[in-house]
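Have a look at the picture first, then read on.

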Amino acid sequence: MEHVFQVQGMTCGHCERAVQQAISQVDAQAQTTIDRTTGQVVVHSDSARAALASAITEEGYTVA
């Protein structure tokens, strides 16, 4: 299943890695594509959307 998130606050490569690691803690098999300039995070995962969004939020980013 494809989940598309708008994530605010990602400004560097470290931010991208933090978001990817948060997602992988929910689903280690998830495939994640991040476009930092637009704030778009696309996740291919069977995990619940709310769980993925919560993991991103816990890293300190805002999911719009």
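## Ground rules

Helices (H or I, at least four residues) and strands (E, at least two) are DSSP runs, numbered from the N terminus. Two strands count as paired if DSSP finds at least two bridges between them.

Keep in mind that this is a predicted model: local features need pLDDT of at least 70, side-chain atom pairs count only at pLDDT 80 or more, and totals for chains, interfaces and linings use all residues. Residues are numbered from 1 along each chain as its sequence is written, and side-chain values use heavy atoms, with hydrogens and water left out.

## The parts list

The protein has 2 helices and 4 strands. Reading from the N terminus, the elements go β-α-β-β-α-β. With a radius of gyration of 10 Å, close to the 11 Å that the globule rule gives for 64 residues, the protein is as compact as a globular protein of that length. (The radius is taken over C-alpha atoms, and the rule is 2.2 Å times the number of residues to the power 0.38.)

## The sheet

Strands of a sheet pair through backbone hydrogen bonds, either parallel or antiparallel. Here, 4 strands make an open sheet in the order E2-E3-E1-E4, with antiparallel pairing. At the edges sit E2 (31-35) and E4 (62-63), each pairing on one side only.

How many bridges join E2 and E3? There are 5, in the antiparallel sense, and Gln31 has His44 in E3 as its bridge partner. These two strands form a hairpin with 4 residues between them, and Gly39 in the turn has a positive phi of about 80°. Strand E3 (residues 40-44) is also joined to E1 (residues 2-8), by 5 antiparallel bridges. His44 turns up again here, as the bridge partner of Glu2.

## Helices on the sheet

Helix H1 (residues 13-26) packs on the sheet and touches E2 and E3, and its direction makes about 155° with that of E2. Helix H2 (residues 49-58) packs on the sheet too, touching E1, E3 and E4, at about 25° to the direction of E1. For these angles, axes are lines fitted to C-alpha atoms, for helices over the stretch in contact, and angles run from 0 to 180 degrees between N-to-C directions.

Contact means heavy atoms within 4.5 Å. Of the contacts with a separation of 6 or more, 64% are between residues 24 or more positions apart.

## Overall size

The C-alpha atoms fill a box of roughly 25 × 20 × 20 Å, taken along the principal axes.
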